[in-house]
Structures are given as C-alpha cells and as structure tokens.
Amino acid sequence: MKPPPFAYAAPTEVGEAVELLAADGARVLAGGQSLVPLMSARREHPAALVDINRLSALATLETNGDVLAGAIVRADRLARDPAVRGRLAVLADAAARVGHPAVRNRGTVGGNVAFADPANNLPVVAIALDAELTVRSAGGERTLAASDFFRAAYTTALEPGELLCAVRFPGLPDGAGSAYYEVSARSRGWGLAGAAAALWLDADGLIAGARVALGGVGDVPVRVDVDALIGTEPGAEAFAAAGATARTAVAEPRADLQASAEHRRHLAGVVVERALRAAGQRAGGRA
Amino acid sequence: MDADVRAIQLTVNGRKRHVAVEPRRLLSDCLRDDLGLTGTNLGCEQGVCGSCTVSVDGQTVRSCLLFAVQADGAEVVTVEGLADGGEMHPLQAAFWEHGGLQCGFCTPGMLMTARELIERNPQSDEQEIRDALSGNLCRCTGYQHIVDAIQAVGGSSDGH
C-alpha cells in the first residue's frame, strides 16, 4: 500500500517547525524509519508532516563531558563518532545496534527516543544515565527527565505540538566502563531485550558505582537496582547476581509473536549480566 | 480534489532530473515510475527487505521510506549508476564471477549496500560483511556467494 495524502513542510528554523506542529494532526517526520512504514500500511494518517531534517540547529553533537545530541543526529553518527565511543561507549554500542546500515543512516536520536517503541535502544541508555530531554513548542521550551518521559509503549510525555530538540546524556566518572547488550531472534532483528550498563571502580578495584537499565522486556525501559554491586569485585559472581535481580525488574514481561513473557524474563537476566560483564571489562581503562 | 504537487529536482546517476510529485510519493516509486529506473526493486515497502536500497547524498537509504520531496536537491545513485559505460562496476563483476545472484531481485540492494561497506571499510572480514548485509534479505542464494563476491573486492586478506 502507499501512504495517504498529507500536507508537507520542511522548515529550516525550529521556530517555524513548532508553529507548524501546533496544527491539529501535524506530526514530526525525522528519520522516517518507524513512521513511514506505518503510513504505508495506512495505520497512521497524519494530516500534515513537519519534516525536521532541514533544521540544522538540531544536527549538532557535543561531546565535552556530557554527550549532547541534537534531535536529528543520526544513529550512524553516534555509533561511529570516536568521542562518543570514548565518553559513553554504551551510547555508541546502542546506536550501532539500531537496525541496519541504511536505517542508521536516516534514523535519528530524537526519533528513536520519541517513538518509544519498547524495543528501541536509545531510551534504555537515556534511563540508565538519567538523560535530560529538551522539548520545544509554540508556547516555549521545557526540560524533562528521562525518568518522567517514557509513559507506556509508544507513549511519552510529549504533548501535541511539542518537538523533542535535544537529548543530554550525562557523562560518567573517569575510568568508568559502559556497554549495551541486546538479544534478537535473528542477526540485527528487533531487540527482544536489551540492557545498558555502566560501572566504575574505586582505588582498590572494587565496584564504586553502577547503573543498569533494561529495555524490551516491559512497555518502557526500567532501571535495575544494582546497589548490591557496590563494594564487590567486578566479576562473574556479582554480575550473575545482578542478572538474577533483573529477572524480577519487570513484573509482567511483554509477550508477542517474537517471544513469550517467560523468554523475555530469562533474557532480562542474560542481557544485564552480559552488559555488566562488558562494562566491567572496559572499566578502569582496561580493554 | 486538487492534489498538492511539488516540482522537485534531483541529480540521479549524475543527471539532473525534474519531476512533479505529491508529497506522499515515495522515492522508490519516483525512481521507478517517474524516472523509469526500475533497477530499484520493491520487496516489502515496509523498510525491512532492503531491495529498494539506493544512495542519497552519499549514504544508503531505504528508498521506500523516503518521500521524493525529501530528496529535492539531492544526489541519488541507483544500481543503474554503478556500471561505467559498458564496463561493470567491480562489485557487479564479482557478483557475476562468484554466482552472487539467482533471481536477481535482491541484487541491486545488495550492490548498493556492498558499495557503501567497501567505501567505509575496504578490508572487511566475513563477519563485518554479513553484519552490513543484515538488512538485505535474499531468498535464493543463502548469502554465501554474495559474501564471497564482496570479499573478493573489499575483503581483508586473511578473512575467510
């Protein structure tokens, strides 16, 4: 099938874009990798598309300390930028796992976060790192915490007419290691479960702090409580214990054609354990 | 009902082309039906199979997920733009040599993806090649000869 008709504009200024978005039935067109298939299947019928791909102000990527990504920064750029990999390997990993090369060339940070598909990778990193999201509308600008942003599957705190403009992923302590680990049914298919992990060590090589978030298992990404890791050796035993905790992080895992609830519950433990293992290997400047 | 028709200009395989399209006109349909370039194939029209892969402003895209109006002013390369006059692109020659196609439906998309891979990484190993091809589905070949063909052109010397 082909997409239904829509009004189309491709503004070059953010102010113009949010004015256009204020209209009833107007939707943002970013990378299009999620929205256009839905329109072709006639499951979405936006009256108007506001194409944000020409908003150069939203294409900036800053990597001094935090990683501040404008909404139309492409997944490919995040995946391959050496400064992103150096500062927040978990973010580079997650971006590199978005679909396939052609999808990453168009798919955007803003789109991945705002579309809020439970299987999307970047929301998991946003939750793990307590990211901040800058949102603009015709009425002004506001900043949202990632923890307040993801409400349900495909549902965020964005109000009609609001445009996600940037995501700030806070940096980690010096020497921290971080990683994203995902399981999918076929190579680079839809993620069944994914985990973002970060940890850092004290002077004795014990875990001083850790952050873990789990995605794909529930309708929204969730933090996994890994406080029990603090003060322990970064090794197989600790990470297996964290994996066990992760299995109970989502009360009712999602069940669909791809995986049963039981399978996702099992995978929750697997991805958390493996993400922590990879983060641990990278911590302290090793590997 | 008056359709909203836009005049756009794109450079396709080095030639400036002018078309008038509705905003909802997909780039894939524009290339095939408005410009007669039927080398780009439509397998799923959901962005999953990769048969529609072309290059826009130097990057591969799924042309079924891009509206033609979004490519206004862009440089587009399709499979028809790979050969140089009568001479096949090295990738095309390698696919021929190694039997990297049977029905040929996925082949244009495979070639466009392989071309970008080799540009970015002229020494890919087998895993990197398979990883890059993950978004191009083939129902005929089982992929091995496609991988062989790409390795012959842009593989690392000790990859197997």
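How many salt bridges does the rule find across the interface of domain 1 of chain A and domain 2 of chain A? The rule finds zero. The legends below describe close-up views of a predicted model.

**View 1. Domain layout of chain A.** Chain A is divided into three parts: domain 1 covers residues 7-51, domain 2 covers 56-169 and domain 3 covers 177-285. Between the C-alpha centres of domain 1 of chain A and domain 2 of chain A the distance is 18 Å.

**View 2. The interface of domain 1 and domain 2 in chain A.** Here 13 residues of domain 1 of chain A are in contact with 16 residues of domain 2 of chain A. Together the two domains bury about 1,100 Å², and 71% of this area lies on carbon and sulfur atoms. On the domain 1 side of chain A, the residues that lose the most area to domain 2 of chain A are A:Val14, A:Val18 and A:Gln33, which together account for 41% of what that side buries.

View 3. Between domain 1 of chain A and domain 2 of chain A, zero residue pairs are in polar contact, where both residues must be at pLDDT 80 or more. Helix H1 (residues 14-21) of chain A contributes six residues, the largest share of the side of domain 1 that touches domain 2. By class, this side of domain 1 of chain A consists of eight nonpolar, four polar and one charged residues.

**View 4. Domain layout of chain B.** The domain assignment of chain B gives domain 1 at residues 6-80 and domain 2 at residues 90-154. The C-alpha centres of these two domains of chain B are 21 Å apart. Their contact involves 18 residues from domain 1 of chain B and 14 residues from domain 2 of chain B.

**View 5. The interface of domain 1 and domain 2 in chain B.** Domain 1 of chain B and domain 2 of chain B bury about 1,200 Å² between them, with 53% of that area on carbon and sulfur atoms. The count of salt bridges between these domains of chain B is zero, whereas six residue pairs are in polar contact, both residues being at pLDDT 80 or more.

**View 6. Strands at the domain 1 side of chain B.** Strand S3 (53-56) and strand S4 (59-62) of chain B each supply at least two residues of the side of domain 1 that touches domain 2. The residues of this side of domain 1 of chain B comprise six nonpolar, eleven polar and one charged.

Note on methods. Residues are numbered from 1 along each chain as its sequence is written. Chains are lettered from A and ligands numbered from 1 in the order in which they are written. This is a predicted model: local features need pLDDT of at least 70, side-chain atom pairs count only at pLDDT 80 or more; totals for chains, interfaces and linings use all residues. Side-chain values use heavy atoms; hydrogens and water are left out. Domain bounds come from an automatic or database domain assignment. Contact means heavy atoms within 4.5 Å. Buried area is the accessible area (1.4 Å probe) that two parts lose on being put together, summed over both. A salt bridge is a side-chain nitrogen of Lys or Arg within 4 Å of a carboxyl oxygen of Asp or Glu. A polar contact is a pair of N or O atoms within 3.5 Å; within protein, one must be able to donate a hydrogen and the other to accept it, and residues adjacent in sequence count only if both atoms are side-chain atoms. Helices (H or I, at least four residues) and strands (E, at least two) are DSSP runs, numbered from the N terminus. Ala, Val, Leu, Ile, Met, Phe, Trp, Tyr, Cys and Pro count as nonpolar, Asp, Glu, Lys and Arg as charged, and the others, Gly among them, as polar.
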